[in-house]
Amino acid sequence: MTLDASPAWQALQVHCDAGLGTMSMSQLFKNDSNRTDKFSHEFDDLYVDYSKNRITEETMSLLFELADQQDLSGWIYKLLSGEKVNDTEDRPALHTALRANHKGVSGLAALVQDDVDAQFDSMARIVNKVRSGHWRGFSGKAITDVVNIGVGGSDLGPLMITQSLQTIQSPVNLHFISSIDGTQTSNLLNKLKQETTLFILASKSFTTIDTLSNAETAIDWLEEAIKDKQEIYSQHFIGVSTKPDMMTEWGIPPENQLIFWDWVGGRYSLWSAIGLPIALQIGMDKFRELLEGARIMDEHFGLEPFERNLPVILGLIDIWNINFLNIQKKAILPYDARLKYLPSYLEQLVMESNGKSVNRDGKEVGYKTCPVLWGEVGPNAQHAFYQLLHQGTQKVMCDFFALKIRDDFDASSHTGRNESLKSQHELALANCFAQSRVLMLGDDAIPESLKANFDSPFKHYPGNQPSNTILMKDISPKTLGMLIALYEHKTFVEGVIWEINSFDQWGVELGKLIAKETKAALRDASLAEQFDASTRKLIEKVTS
């Protein structure tokens, strides 16, 4: 029996067809004065309001029945204990073991704890040496700038976290290179000095052509000032990979290597040694606070009943919106500029995980799976694509993010600067709450005193756009760890329901393979003869 023919799925379809699929959220709020209390939860430093969705208590009950039918509890146990949930690659997805700190783990997750500790000890040694100024370049000067060379999970995770935690002072300047067009690399290197720059070469497979190409450019730049190539590798490079032998062969000495394992997916790797740039910015103690925040969410995910389990609830609501209300797009809208890379990070996490069209049995699915994600910092987005959200023909889910407090000013102070910051924060919150309200209510949000001004089809707002609002106590390592782990597990919940493997990415692997083949054809036109006519012509145009 296929998922969409199963009893729990069919019960949800009947429920939707009975009228909830077309009912307005404005009416749902009018019908129940306690709606927000029923459809919101506070856990530790996070408050999640999901009341602005077209759901009722019956909807949630039916969704929980779907989760039971799909054995979600069993899959959660498999994930957290280290069973092989990544069946197409025959391995576990044990990123949660990286932050377990020996607490509440079993199975393989418990067995790898000592290995994890050993790598974090090595990471702490490097972090302390660089941050204290004891890591010296070839001329004897202390390192002042660290450049992370990576792509995908080896770039987006550390970039997003370091940007989010930018208010934590660092003794070194961090930079990120991921583009392979050469412009990003060239522009950055022109601003740095060879004698005080350290590179992190981060690649899970150590075969990613984008990353290795940028590393070779860095080598060429260093050779302009450093005659002894061994000094380049020993004093100006750190390698982070699952392939120590390949790092050694490339030239990085073992003492400059950090290791992680193939059971850590690239988009989940910021919790491993791939998080070295994060630890260099905030220090190893605060990096462990980041891990602890994620561990708290892991424990919540593993132990809390579905009715109060935030990743389960948010995942099931996405299922409802996508598969029953036919809403297949989601906007990620943080109302704090420090979270500017959160949309990009979640794009990879969600779409690389669940952008699949076959189930675990290799059979094509007959229902929608992954939503299309995009986003921007809220105030910028309001002047970009909110027009589509408010008056376009597309239905879009939205996730709003805002802070309960700001951690970089004292609201009790009466200095002009602090009062201005307080006012700006209030303005950000006002915009966040107002936008989610108007998206939900549409014309019903317009005050009676102003309705005459909106008596025009061009000023009609349909509303009924669903959203979740997540309030964070602050942007701290712990809270950020909780938030990212929440979305990791939410994504896994959706994969379990859809019966797909959320941990492989064969589409990405194919792209890498074809890129290598195409690069060779750019050097030797005869190799392009096997390509399609369009690709052959494009190669001809750029090489002639």
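Colleague: What volume does the largest cavity have?
Modeller: About 70 Å³. A cavity here is a set of points on a 1 Å grid, over the protein atoms alone, where a 1.4 Å probe fits but cannot get out. Grid points are joined across faces, edges and corners, and the volume is the space filled by probe spheres set on the points. This is a predicted model, where local features need pLDDT of at least 70, side-chain atom pairs count only at pLDDT 80 or more, and totals for chains, interfaces and linings use all residues. Residues are numbered from 1 along each chain as its sequence is written, and side-chain values use heavy atoms, with hydrogens and water left out.

Colleague: Switching to sheets: in what order do the six strands of the open sheet come?
Modeller: The order is 1-2-11-10-8-9, with mixed pairing. Strands are DSSP runs of E with at least two residues, helices are runs of H or I with at least four, and both are numbered from the N terminus. Two strands pair if DSSP finds at least two bridges between them.

Colleague: Why is one side of strand 1 and of strand 9 left without a neighbour?
Modeller: Strand 1 (40-43) and strand 9 (372-375) are at the edges with a single partner strand each, so one side of each has no neighbour in the sheet.

Colleague: Which helix packs on that sheet, touching strand 8, strand 9 and strand 10?
Modeller: Helix 16 (residues 342-354), and its direction makes about 170° with that of strand 9. Axes are lines fitted to C-alpha atoms, for helices over the stretch in contact, and angles run from 0 to 180 degrees between N-to-C directions. Contact means heavy atoms within 4.5 Å.

Colleague: How many bridges join strand 8 to strand 10?
Modeller: Five, and the two strands run parallel. Pro334 has Phe401 in strand 10 as its bridge partner.

Colleague: Now helix 5: which of its residues are buried?
Modeller: In helix 5 (residues 72-81) they are Leu72, Gly74, Trp75, Ile76, Leu79 and Ser81. Buried means under 20% relative accessible area with a 1.4 Å probe, protein chains only.

Colleague: What covers the buried residues of helix 5?
Modeller: The cover includes helix 4 (57-69), helix 6 (107-111), helix 14 (284-303), helix 15 (310-324) and helix 20 (477-498).

Terms used. 1 Å grid on protein atoms, 1.4 Å probe; cavity = no way out; pocket = protein on both sides within 12 Å on 5 of 7 lines; lining within 4 Å. Buried < 20%, exposed > 50% of the residue type's maximum accessible area, 1.4 Å probe, protein only.
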